[in-house]
Amino acid sequence: MQINEYKPLIVAFCCNWCSYAGADLAGNNRLNYPADVKIIRVPCSCRVNPMFVLRAFQRGADGVIICGCHPGDCHYTSGNYFTRRRMALLFSMLDYLGIERERTRVEWVSAAEGAKFAATMNDFTEKVAALGENKRLEDLRCKR
Amino acid sequence: MQKITREQLIDKAVSLLSDGTVECVLGWEKGQFDYDITPAVFNDENELRENFVWNDFCGANFSKYLVSKTRKCNGKMLVFLKPCDTYSFNQLLTEHRFDREKVYAVGIPCEGMADIDKIKAACGDGIISIDASGDKLNVHTLYSDEPISVSAESVFAERCMNCKSKKHVAYDELLGEDGDVIESHRFDEVAEIEAMTPDERFAFWQNELSRCIRCNACRDACPACTCEKCVFDNPNSGVENKAAANSFEEKMFHIIRAFHVAGRCTDCGECSRVCPQHIPLHLLNRKFIKDINSFYGDYQAGAEVGTRAPLVDYTTDDLEPGEVFERGGDNA
């Protein structure tokens, strides 16, 4: 058994109303997704401030994914529309600073899409694992 | 060389002070040297005649000063606004940051401001004084009897080389002639960086941002940054340190600083002007402006009062964050 096998750390911000329930459904249906994904529940995807994303990277996350209700289905009517604009700009800026673009993603997952949740997390973890450790945006003091 | 003279501005200020239209004047004052001009409030004619300055180094954008200074002034305050300052003026009005009734804005034409570092690079140190004649600047230094002459255009500040507008978008009165919005090439440099590979971009920004000494001058001078309690003053923010403990802190600071003004930044260039380390901060702001223009349609913050900034607005068929990279060509 390899002890030092590299495992990526993924932070997933999931909205309370859709994606978190989607994650629950994935669990109930016994669908596999990697244990490297750490879910943080937020009231709405627009609660995710750009600072949260950067802070996650600073504290050693290798990838950050934000999941929310599908556009138009937001529990608070319009929250995810704001998320969409903010994150489009933030991700574009991170790319501009030379951060690998596969490390960030926004995905819309409804409460009925347990399978999509599992598939998304599998795919995202695989992509981030392929990139390797997040060297460019980590805080050495907070090394695991 | 500025087309409008110091005397014209003083005469205008004195006449407005004497007929009681305004109570005080927000203007420029000489600092230690000819080229370090600081904003100052003048209360009477004597102060104006003695200390008021108007030359090629009056770059400070006064719009932000109105937020705090108009509160201390009981009557109206006279403010001189260059074309690019008027955009910030409108943006602050949109955000209700000061009372329009308490301001008397006089628009003044601007022929572009000089960058002292470019002059120092061209003429060396020991600058005693600088005067302008025609489109030349004559630099008197300790080390030569004859003044060294440089063309004003060759020492323009970066933002003036890429001037976006000579048109005043807000004023009560205009001195001189109004200009037009200019087709500028201000996004060319952003496009150049975008065309680099990710490794080159990372190296470029690592090199630029690692010089940051976290003096917060960019934040303090920015007319869009007017929060009285700033996230960066929070000891729990993780980026409040003066000396960055690691290379990520200043990146986080600059991304968040630029993000907080995204959609509200008028591209006045104050951040880059005040940076003691010469970090091209305007390139971060312009990246956001360029993205906003291409994703959500052209938007110039401050062009009109009362427009909704792109980040507090949405449409139901906006671009998905994942599509962003498909648009900008592939250079990953």
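1. **Domains of chain B.** This is a predicted model.

2. **Where domain 1 meets domain 2.** Five residues of domain 1 of chain B make contact with five residues of domain 2 of chain B. On the domain 1 side of that contact, two residues are nonpolar, one is polar and two are charged.

3. **A three-stranded sheet in chain B.** Look for the open sheet with the strand order E5-E6-E7 in chain B. Its pairing is antiparallel. Which strands sit at the edges? They are E5 (127–133) and E7 (148–151) of chain B, and each of them pairs on one side only. From one strand to the next, the twist averages 25°.

4. **One strand pair, up close.** Strand E6 of chain B spans residues 136–141. Four bridges link E6 to E7(B), and the two strands pair in the antiparallel sense. Lys136(B) has Ser151(B) in E7(B) as its bridge partner.

5. **Chain B as a whole.** Chain B has 13 helices and eight strands. Its radius of gyration is 21 Å, close to the 20 Å that the globule rule gives for 332 residues, so chain B is as compact as a globular protein of that length. Along the principal axes, the C-alpha atoms of chain B fill a box of roughly 60 × 50 × 40 Å.

6. **Burial and contacts in chain B.** Of the 332 residues in chain B, 37% are buried. Now consider contacts in chain B between residues at least 6 apart in sequence. Of these, 68% join residues at least 24 apart.

7. **Chain A.** How many helices and strands does chain A have? The count is four helices and four strands. Read from the N terminus, the elements follow the order β-α-β-α-β-α-β-α. The radius of gyration of chain A is 15 Å, close to the 15 Å that the globule rule gives for 144 residues, so chain A is as compact as a globular protein of that length. The C-alpha atoms of chain A fill a box of roughly 40 × 35 × 20 Å along the principal axes.

8. **Burial and contacts in chain A.** In chain A, 56% of the 144 residues count as buried. Take the contacts in chain A between residues at least 6 apart in sequence: 82% of them join residues at least 24 apart.

9. **Where the chains touch.** In this model, 33 residues of chain B are in contact with 34 residues of chain A. Several helices of chain B each supply at least two residues to the chain B side. They are H7 (188–194), H8 (198–209), H10 (247–260), H12 (282–296) and H13 (324–327). Which helix gives the largest share? H10(B) does, with six residues.

10. **Make-up of that side.** The side of chain B that touches chain A holds 21 nonpolar residues. Four polar and eight charged residues belong to this side too.

How values were computed:
Residues are numbered from 1 along each chain as its sequence is written. Chains are lettered from A and ligands numbered from 1 in the order in which they are written. This is a predicted model: local features need pLDDT of at least 70, side-chain atom pairs count only at pLDDT 80 or more; totals for chains, interfaces and linings use all residues. Two residues are in contact if their C-beta atoms, placed from the backbone, lie within 7 Å. Ala, Val, Leu, Ile, Met, Phe, Trp, Tyr, Cys and Pro count as nonpolar, Asp, Glu, Lys and Arg as charged, and the others, Gly among them, as polar. Two strands pair if DSSP finds at least two bridges between them. Axes are lines fitted to C-alpha atoms, for helices over the stretch in contact, and angles run from 0 to 180 degrees between N-to-C directions. The radius of gyration is taken over C-alpha atoms; the globule rule is 2.2 Å times the number of residues to the power 0.38. A residue is buried if 20 or more other C-beta atoms lie within 10 Å of its own, exposed if 12 or fewer, and partly exposed in between; C-beta atoms are placed from the backbone.
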